[in-house]
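Let's take a friendly walk through this structure together. Have the sequence and the model side by side as you read.

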Amino acid sequence: MIQSYQKILEMESVATLKLEQDRRALDKIRNILYQEKDFILSRLISYLKRELDIDYFKYKIIDIDDNIVDILVKKDSKIFKEYIDGKDFLPFNAENLIDSRMFDNKDEIIITDLNFDENLLNIGYLCDSLNYNYLSYSDTIKDKLSTFVNYVINKNIYKK
């Protein structure tokens, strides 16, 4: 066999192996970031009840921009009653609900996901929203959500 051709085949083999390893690593990372929605949200609701003695329920809304938004709603939320309950869609962008310049929403509505898979929760969205400069959540809610998300991510990083 031509020596240079054999060398190229060996290089291709090494590169292909490296690509396969990288693909598996990326799949592992995605499995950590995209969790089973119903399971994680039910755990989050239980955690918030235990830690803060606040009852939340899951709800899905569509806003004026056709965003499909998964939220947790505090029992007896004034914001929910006024802007969401019984309406076909929000007449504004749903992310305004957690913007302190728009709403005084310390603990009433928590956006958990935006435009993602029906069965998977994008943990990255929740992490990104916790870093938003104008996030209206109280420091206590931010702390509890951060602790919960950190636990979920770490538990899955060190799994197996």
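Three strands form an open sheet in the order E2-E3-E4, with antiparallel pairing. Strands (E, at least two residues) and helices (H or I, at least four) are DSSP runs numbered from the N terminus, and two strands pair if DSSP finds at least two bridges between them. Strand E2 (56-62) and strand E4 (109-114) are at the edges, each with a single partner strand, so one side of each has no neighbour in the sheet. On average, neighbouring strands here are turned by 30° against each other, direction ignored.

This is a predicted model, in which local features need pLDDT of at least 70 and side-chain atom pairs count only at pLDDT 80 or more, while totals for chains, interfaces and linings use all residues. Residues are numbered from 1 along each chain as its sequence is written, and side-chain values use heavy atoms, leaving out hydrogens and water.

Now look at E3. Seven bridges join E2 to E3, and five bridges join E3 (residues 68-74) to E4. Val69 of E3 stands opposite Ile61 and also opposite Leu114 in E4.

Between E2 and E3 lies a hairpin with five residues between the strands, where Asp66 takes a positive phi near 65°.

Technical notes:
Axes are lines fitted to C-alpha atoms, for helices over the stretch in contact, and angles run from 0 to 180 degrees between N-to-C directions.
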